Structure formats: C-alpha cells, structure tokens
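Okay, thanks for coming, everyone. Let's get the structure up on the screen and walk through it together.

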Amino acid sequence: LITYEDPKSPISESYRSLRTNVSYASSVDKKIKSLLISSSQPGEGKSTTTANLAIAFAQLRKKTLLVDADLRKPVQHNVFGHPRGPGLSEYLIGDVSDLHSIIHTTKVENLSIITAGGLPPNPSELLGSDAMSKLIDKLEAEWDIVLFDSPPIVAVTDASMISSELDAIALVVKAGQTERAAVDRALDTIKNVKAPLIGAILNGATQESLGGKYAYYYS
C-alpha cells in the first residue's frame, strides 16, 4: 500500500496520475461511479493497482469503496487486514441481508472495503446474477467511487459477467511480461460483452521494459 505508506514516492505519484486520468475520462464522457480493474493473465498486479488506486481516490476525500469481486483467489482482505468473510458471496446468495454489515472501514480515511467472503462453487453465476446487478446500483447511489477487483478476464468469465453493469473497466498490462496474444483475447472478450473499456494501465514499467526513444525520460 505504497500510496498510503509513502505518499511522496514516485510510484504514489503515478497512482495519483492514474486517478487523474480516470477522473478526466469521467468528465469527458459520463460520470464514472464504478470501475472494474482486471488483467488478461494472473500476476500482472491488478489487485495491487486496485488497492492503491482506491487509496488515491480516498486521499482526494472521495467516499471510496473497494469490492473484492475475485471469488476465486481473493487477496484484498489480507492487504487491509480483515477476515475474508462474511463478505460479497454471502450477500449475493442471501446468507447476509444487511449490506452494511459486510462493509468494513480501513486504516485509510474515506476508504471502506467489502471482502470476497467464502469461495463459492459458481462464482461466474453469482457475479452475473440479478442480486449483483442490484448491489452495483445500490453502491453507486451511496458512494462517490466504487472499485472492483476481479479475476483475470481471459482465465475465467467472472469479470466479463459484471463488466457490462459497471461504468468503466480498465485492463492492467505488465510491461515486458504480458503476452500480446493474451491482451488481444481480453480485448475481444471485453468487446463481445460490450463492456465500457476506458483504457489500459501499464504496470511494472522500467527504463529497460519501456525502451525506445523515451527511455531516457524514465531513467
């Protein structure tokens, strides 16, 4: 959580720049109240990106909610030091009826989190359910910005099941590691479900991975 622990670092400034870009996209098109962060493959840093971007919005005094919608390999409960459940899955299947009982405050002012909860046998069906659609509407009405951490979009269909319900989706791409073919498949999936893609987030960029004539400026 470098944006919280070392807010003056260059990396924290990068997350604030990312926040500015999302806000700009919101002002140009329609207002973005819900944003899903995904990736084409595992290990590209989508969960770290989601957590730090959420902190960046909270530092702007936005009432921010982070929802761990990765019902296969959730990590946000560990990142913020909360039990994994009860959480999103319990609410969607009806075991928990009080939404506010699964919303937890964090050590970051203005930032709350909904953990993933128990790991269900049918995560894609849960995320594509009417209950999820109604939950998104409810959260958008109550919060300034809601960020969803989801599984990789190529590996499973979870992200594509809910992406069309949200205002925007951003795709994390790791410099020098993500395969171009995987990105192409992810983009095809996003296009097929008519999800509102606002752009890609280049993660892990270094002077070596960027290369080319601009490398000097990143040294």
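So, Lys 46: at 9% relative accessibility it counts as buried, where buried means under 20% relative accessible area, exposed over 50%, and partly exposed in between, using a 1.4 Å probe and protein chains only. Quick background: this is a predicted model, where local features need pLDDT of at least 70, side-chain atom pairs count only at pLDDT 80 or more, and totals for chains, interfaces and linings use all residues. Residues are numbered from 1 along each chain as its sequence is written, and side-chain values use heavy atoms, with hydrogens and water left out.

What does Lys 46 meet in a salt bridge at 3.0 Å, N to O? That's Asp 149. By salt bridge I mean a side-chain nitrogen of Lys or Arg within 4 Å of a carboxyl oxygen of Asp or Glu. This pair links distant parts of the chain, with Lys 46 in helix 3 and Asp 149 in strand 5 (residues 145-149), 103 residues apart. Helices here (H or I, at least four residues) and strands (E, at least two) are DSSP runs, numbered from the N terminus. Asp 149 is buried too, at 0% relative accessibility.

Lys 46 also has a salt bridge to Asp 70, at 3.5 Å, N to O. Lys 46 sits in helix 3 (residues 46-59) and Asp 70 in the loop between strand 2 (64-68) and helix 4 (76-80), so this pair ties together parts that are 24 residues apart in sequence.

How many salt bridges turn up in a search of the whole structure? Three. One of them joins Glu 13 and Arg 16, with the closest N and O atoms 2.9 Å apart. Both of those residues are in helix 2 (residues 10-28), three residues apart, or about one turn of the helix. Glu 13 is partly exposed at 41%, while Arg 16 is buried at 19%.

Now for a charged residue with no such partner. Glu 90, in helix 5 (residues 88-93), is buried but has no salt bridge, and the nearest side chain of opposite charge, Arg 84, is 7.1 Å away. For charges, Lys and Arg count as positive and Asp and Glu as negative, with His and the chain ends not counted. Leaving out residues up to four places away in sequence, Glu 90 touches Asp 95, Val 96, Ala 116, Gly 117 and Gly 118; touching, or contact, means heavy atoms within 4.5 Å.

In general, most residues other than glycine have a negative phi, and most peptide bonds are trans. Here, the peptide bond from Gly 85 to Pro 86 is cis, with omega near -5 degrees, and Pro 86 lies in the loop between helix 4 and helix 5. Asn 110 has a positive phi, near 75 degrees, and lies in the loop between strand 3 (103-105) and strand 4 (111-114). Lys 194 has a positive phi as well, about 55 degrees, and counts as exposed at 71% relative accessibility.

Last, the whole chain. We've got 10 helices and seven strands, and 49% of the 219 residues are buried. The C-alpha trace spans about 55 × 35 × 35 Å along its principal axes.
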